[in-house]
Amino acid sequence: MCSLEKNGNIFILTLTGDDEHRLHPTLIESIQTALKQVRKEAKPGSVLITTAQGKFFSNGEDLKYAAAAGSATGTYDRIREMSDSFKFVVADLLSLPMPTVAAVSGHAAAAGFILALSHDYVLMRKDKGILYMSELNIGLTLSDYFMALLKSKIPSSSVRRHVLLQCVKIKADKAVEMGIIDFAYDTAEESQEAALKLAVKLGFNKWNGGVYADIRMNSIPEILGLLPISNRLYQPSLSFENQISFPATTVISKAPIPIPTGLEVC
């Protein structure tokens, strides 16, 4: 499950417990509920931090739950259902009207990796934890929106090859070097403290949340058509011209500007 705390304008969503935080339908629903609450209470200056307890950030979809269906068809159907449900979590994060920060406190694999990349900033601990796209090793294909997000967030084709076609398990320092995450810190506590400092800094700007979300979404067009969300989130109530006003004492003259004598005019 997860918990949601609010510290001033900063929301902290925590995947709770010491388990692997597998994205079972119940956990997916819990995250969605928390994000709906965040969206409802959003205002200029709001920021979301997502983190987790224990040694896992998230180890991906709950494959044991899928296998418990008892047949190959049933297993496939459950995996597809989890992927379809998780799509709404990704859409909620990418359309959230505020900056978002992932403090990756442990292993982030498969859909857990995607969960982290769905944030604007990713911070990670150095001492423990890896980033790992395991699909090739376990014989699963990638959802189209997974691939679109990975292309948007990891623009280097050689890095994506390492991540997807070699299933490299990437530690924090290497992830920074490869351009996958933004910052690495010695411990989970340090990464969470840094996430809080970053959130305070971002929140200080008090940006318009609708404008922020609109710019974010339109900066990653590859994924827009694959998620249940409009690519135009913000409609200004005033035209650009109406938002510009001049002081009452300002006089705008349309008279021609006199040319000083003694100057050559080309």
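## The open sheet

Three strands form an open sheet in the order E4-E6-E8, with parallel pairing; strands here are DSSP runs of E with at least two residues, helices are runs of H or I with at least four, and both are numbered from the N terminus. Strand E4 (56-58) and strand E8 (131-132) stand at the edges, each with a single partner strand, so one side of each has no neighbour in the sheet. E6 and E8 pair in the parallel sense over 2 bridges, where pairing requires that DSSP finds at least two bridges between the strands. Ala109 has Tyr132 in E8 as its bridge partner.

The model is a predicted one, in which local features need pLDDT of at least 70 and side-chain atom pairs count only at pLDDT 80 or more, while totals for chains, interfaces and linings use all residues. Residues are numbered from 1 along each chain as its sequence is written, and side-chain values use heavy atoms, with hydrogens and water left out.

Strand E5 (residues 100-104) is mostly covered, with 5 of its 5 residues buried; buried means under 20% relative accessible area, exposed means over 50%, and partly exposed lies in between, for a 1.4 Å probe and protein chains only. In a regular strand the side chains alternate between the two faces of the sheet.

E5 pairs in the parallel sense with strand E3 (residues 47-52) over 3 bridges, and Leu48 has Thr100 as its bridge partner in E5. E5 also pairs in the parallel sense with strand E7 (residues 121-125), over 4 bridges, and Val101 stands opposite Tyr121 in E7.

## Nonpolar cores

The largest nonpolar core has 60 residues, and those with the most contacts inside it are Ile31, Leu48, Phe86, Leu131, Val163, Ile180 and Ile223; such a core is a set of buried Ala, Val, Leu, Ile, Met, Phe, Trp, Tyr and Cys residues joined through side-chain atoms within 4.5 Å. Helix H3 (residues 72-94) gives the largest share of this core, 8 residues. Apart from it lies another core, of 11 residues, among them Ile10, Val47, Ile49 and Ala194.

Leaving aside neighbours within four places in sequence, Ile223 is in contact (heavy atoms within 4.5 Å) with Val90, Leu94, Tyr145, Ala148 and Leu149.

## Pocket and cavity

The largest pocket has a volume of about 540 Å³. On a 1 Å grid over the protein atoms alone, a pocket is an open set of points with protein on both sides within 12 Å along at least five of seven lines, a cavity is a set where a 1.4 Å probe fits but cannot get out, and lining residues have an atom within 4 Å of a point. The largest pocket is lined by 28 residues, of which Glu61, Ala110, Glu135, Ile138 and Leu140 lie nearest its centre, and H3 gives the most to this lining, with 5 residues.

A search of the whole structure finds 1 cavity of 30 Å³ or more, and the largest cavity holds about 50 Å³ of space. This largest cavity is lined by 13 residues, of which Gly45, Ser46, Met98, Pro99 and Trp207 lie nearest its centre. Helix H9 (188-203) and helix H10 (209-218) are the elements that give two or more residues to the lining of the largest cavity.

Definitions and conventions. Points joined across faces, edges and corners; volume = space filled by probe spheres on them.
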